[in-house]
Amino acid sequence: MHNRAGRRHGRDAVVAGARARLGSEQAGQIATKALTTDGLRPAEREAFWRHAMSGWRRVTIAKVGAGTLEGSIRSDRIGRLLVAKVRSTAQDIRRTPRDISPSEEEYFHVLLVASGAGRVSQDGRHAEFRPGDWVAFDSFRPVQLLFESDWDACSLSFPRETVQLSESERRLMTARRMDGSTGVTGVVSRFLLDLARTSEHVPAAQSEPALRQASDLVASLLSDYAAPSEAARGCRQRTLMLRIKDYIGQRLCDPRLGPPEVAAAANISVRYLHKLFEAEHHSVSQYIKGLRLERSRRELLDPRLNDRPIAAVAFGCGFGDLSGFNRSFKDAYGTSPRKLRTASP
């Protein structure tokens with residue numbers, strides 16, 4: 001990582017920039033902090049980086065190799081959830097017994113690795129990770145994160161009480177490598193990455209729902225390594241619903257999509273699928289139809305698609321016949337697709 005030409009040098013310039021960014025955030029919505037070694041003299045970077053990395057939780061950092069310690073951190077606090085985007089050089093990050101204070105709030109962390117490779121160690125386990133993986137660890141017990149080269153990652157820190165798992169279950173889940181490119185772990189990874197990348201845009205009113213969904217997903221997936229508790233089973237059920245909805249969303253344009261296909265993809269019975277949707281206050285078919293209608297409404301209101309025939313819009317959204325689409329659309333929105341399109345500016 002290299003300095004950018006033309007930047008002022010010195011810690012004061014960096015801290016002043018961070019404070020300016022803090023002041024620009026909306027009160028009560030998100031607290032944002034941004035720190036970087038860019039613009040600092042080489043002799044200052046190492047001490048500043050150690051200070052920056054210990055600004056929220058005290059850690060012990062050692063260099064790996066002959067390079068210097070440098071990097072950048074941007075952290076967004078969404079209610080009780082902390083999201084940090086970190087880019088840095090090779091280093092050994094440890095949270096030792098001396099770094100841990102009994103008075104600190106306890107957090108459970110998920111690290112999503114965008115680039116670089118390394119190892120996480122906790123509770124007697126070691127897990128190697130590569131780009132696309134994610135790993136979990138606790139902040140209230142000793143842990144080591146070893147990065148062997150330059151790295152880029154997102155960290156999500158959950159208050160311990162929001163990850164609804166027993167202490168024994170939690171200890172079985174730390175230092176586990178999760179492949180974020182396939183299967184259910186891929187669904188969870190996409191959700192967490194989307195949340196991390198758009199964290200500064202999450203409204204204050206959505207901070208707790210976002211925290212609850214994210215912690216449920218993490219707990220559900222990791223609990224496969226432990227004997228499930230009632231809380232874990234509830235988390236897994238919510239994760240199953242998210243996986244089902246992800247599948248439906250990806251195949252919405254297929255007119256053959258219906259309960260039998262969805263149930264088969266989720267490896268559950270059609271009866272159990274209907275039972276899951278009872279809590280949603282609509283059936284599976286109603287949910288699919290609602291998504292198709294909403295997608296068709298957006299396309300009809302999009303001026304870039306004015307030349308696209310209404311029939312093409314209907315079939316492209318998964319409706320099997322035009323007359324059925326017109327009836328359903330009018331029932332849902334009180335007007336016909338044609339009148340909606342001609343009324344839009």
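Here are a few questions and answers about this predicted model.

Reader: Which element gives the largest share of the largest nonpolar core?

Author: That core has 27 residues, and W134, L156 and V218 are among those with the most contacts inside it. Elements giving two or more residues to the core include β9 (133-138), α4 (183-197) and α5 (207-222). Eight residues, the largest share, come from α5.

Reader: OK, and what does V218 touch, leaving out residues up to four places away in sequence?

Author: V218 is one of the residues with the most contacts inside the core. Setting aside residues up to four places away, its partners are F108, V110, W134, F158 and L192.

Reader: Is T342 buried or exposed?

Author: T342 sits in helix α12 (residues 337-343), and its side chain reaches the backbone oxygen of K339 at 3.1 Å. Exposed means over 50% relative accessible area. T342 has 61%, so this residue counts as exposed.

Reader: How many residues of strand β10 are buried?

Author: Strand β10 covers residues 143-147. V143, L145 and F147 point one way, Q144 and L146 point the other way, and all are buried.

Reader: Which residue stands opposite L146 in β10?

Author: Let's go through the strands that pair with β10. Strand β5 (residues 91-95) runs antiparallel to β10 and is joined to it by five bridges, with R95 partnered to V143. Strand β7 (residues 118-122) also pairs with β10 in the antiparallel sense, over four bridges. Opposite L146 stands R119.

How values were computed: Residues are numbered from 1 along each chain as its sequence is written. This is a predicted model: local features need pLDDT of at least 70, side-chain atom pairs count only at pLDDT 80 or more; totals for chains, interfaces and linings use all residues. Side-chain values use heavy atoms; hydrogens and water are left out. A nonpolar core is a set of buried Ala, Val, Leu, Ile, Met, Phe, Trp, Tyr and Cys residues joined through side-chain atoms within 4.5 Å. Buried means under 20% relative accessible area, exposed over 50%, partly exposed in between (1.4 Å probe, protein chains only). Contact means heavy atoms within 4.5 Å. A polar contact is a pair of N or O atoms within 3.5 Å; within protein, one must be able to donate a hydrogen and the other to accept it, and residues adjacent in sequence count only if both atoms are side-chain atoms. Two strands pair if DSSP finds at least two bridges between them.
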